[in-house]
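Here's a quick briefing to read with the model open beside you.

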Amino acid sequence: MTPKKEDYLKIIFELGGRKKKVSNKQISMSLNVAAGSVTEMVRKLVKEGLVHHEPYGGISLTANGVQIAEELIRRHRLWETFLVTKLNYSLQDVHEDAEVLEHATSGNLMDHLDEFLGHPQRCPHGGVIPDKNGDYEEDSHDVLIDVPDGSTVEVDRFIDNHDLLAYLAGVKLELGERIKVLAHKPFEGPIEIEVEETGEKMGIGYKAAHYIFVK
């Protein structure tokens, strides 16, 4: 399987495609690729029995697609955890090296890395890490953009996207923070929020708010 196909399986999984339908637009925005490229790749994945696709209804992973995605996610996120916690990588710069390492790692090495790290259940940007048996806690798939004004939620995880993570480092929004949604500005404007602990107010970009998961 090509790295590109693997990237699609991982992002569909990350967007919730194990249990719900995700849209071409979500995949396109997350991977920074053209909508036409998504359509072409999804067609290939359908032929290989890795995803289901209903026209105008969205995309989800088949059982085989889920199994492959879980293994890829486990390898990638264990390496991300190692690079961030042991080698002091910044969160936004860890993805590319983790991609290289996940493809050059045996199952035996992954088991030893998992043990060395203390069997982490979450990676540095909040995503679940399946254990060697494929067990893990289900992710939240509620996103900031959909939270009604006046509601208070907890920042749960971020999509593994370099530009998004660099942006969030700049605004200093962190995992675990409780935030109140003050207002959705019109015409795809920013989402105004207030951090509960500090009282700091900030605006989160419209696109970024689609890939900040909350609970």
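This is a predicted model: local features need pLDDT of at least 70, side-chain atom pairs count only at pLDDT 80 or more; totals for chains, interfaces and linings use all residues.

Residues are numbered from 1 along each chain as its sequence is written, and side-chain values use heavy atoms, with hydrogens and water left out. Helices (H or I, at least four residues) and strands (E, at least two) are DSSP runs, numbered from the N terminus. Buried means under 20% relative accessible area, exposed means over 50%, and partly exposed is in between (1.4 Å probe, protein chains only).

**Glu 80, a buried charge**

- Glu 80 sits in helix 4, which covers residues 63-87.
- Glu 80 is buried but has no salt bridge, and the nearest side chain of opposite charge is Arg 77, 5.1 Å away. For charges, Lys and Arg count as positive and Asp and Glu as negative; His and the chain ends are not counted.
- What does the side chain of Glu 80 join in a polar contact? The partner is the side chain of His 125, at 3.1 Å. (A polar contact is a pair of N or O atoms within 3.5 Å; within protein, one must be able to donate a hydrogen and the other to accept it, and residues adjacent in sequence count only if both atoms are side-chain atoms.)
- Leaving aside residues up to four places away in sequence, Glu 80 touches Val 94, His 95, Ala 98, Cys 123, Pro 124, His 125 and Asp 160. Contact here means heavy atoms within 4.5 Å.

**Salt bridges**

- The whole structure has 19 salt bridges, each being a side-chain nitrogen of Lys or Arg within 4 Å of a carboxyl oxygen of Asp or Glu.
- Asp 114 and Arg 74 pair up through their side chains at 3.3 Å, N to O. That pair links distant parts of the chain, with Asp 114 in helix 6 (residues 107-116) and Arg 74 in helix 4, 40 residues apart. Both Asp 114 and Arg 74 are buried.
- Asp 156 bridges to Lys 215, with the closest N and O atoms 3.6 Å apart. This is another link between distant parts of the chain: Asp 156 is in strand 4 (residues 152-158), and Lys 215 is in the segment after strand 8 (212-214), 59 residues apart. Asp 156 counts as buried because its relative accessibility is 11%, whereas Lys 215, at 54%, counts as exposed.
- Glu 192 and Lys 185 form a salt bridge, their closest N and O atoms being 3.8 Å apart. Glu 192 is partly exposed at 31% relative accessible area, and Lys 185 is partly exposed at 37%.
- Asp 7, Lys 10, Glu 99 and Glu 102 are tied together in a salt-bridge network.

**Pocket and cavity**

- On a 1 Å grid over the protein atoms alone, a cavity is a set of points where a 1.4 Å probe fits but cannot get out, and a pocket is an open set with protein on both sides within 12 Å along at least five of seven lines; lining residues have an atom within 4 Å of a point. Grid points are joined across faces, edges and corners, and a volume is the space filled by probe spheres set on the points.
- The largest pocket takes up about 480 Å³. It is lined by 23 residues, and those closest to its centre are Asp 7, Tyr 8, Ser 30, Leu 31 and His 95.
- Which helix gives the largest share of that lining? Helix 1 does, with six residues.
- There is one cavity of 30 Å³ or more. The largest cavity holds about 50 Å³ of space, and its lining is Phe 13, Gly 16, Arg 18, Tyr 136, Glu 138, Asp 139 and His 141.

**Pro 124 and helix 2**

- Pro 124 is in the loop between helix 6 and strand 3 (142-143). Its C-alpha atom is 5.9 Å from that of Thr 81, though the two are 43 residues apart along the chain.
- Helix 2 has Ile 27, Ser 28, Met 29 and Ser 30 as its buried residues, and these pack against helix 1, helix 3 and strand 2 (58-61).

**Positive phi**

- Most residues other than glycine have a negative phi.
- Asn 32, following helix 2, has a positive phi near 55°.
- Tyr 56 has a phi near 65° and lies in the loop between strand 1 (51-54) and strand 2. With a relative accessible area of 90%, Tyr 56 is exposed.
- Glu 188 has a phi near 60° and sits in the loop between strand 5 (178-184) and strand 6 (191-195). Glu 188 is exposed too, at 56% relative accessible area.
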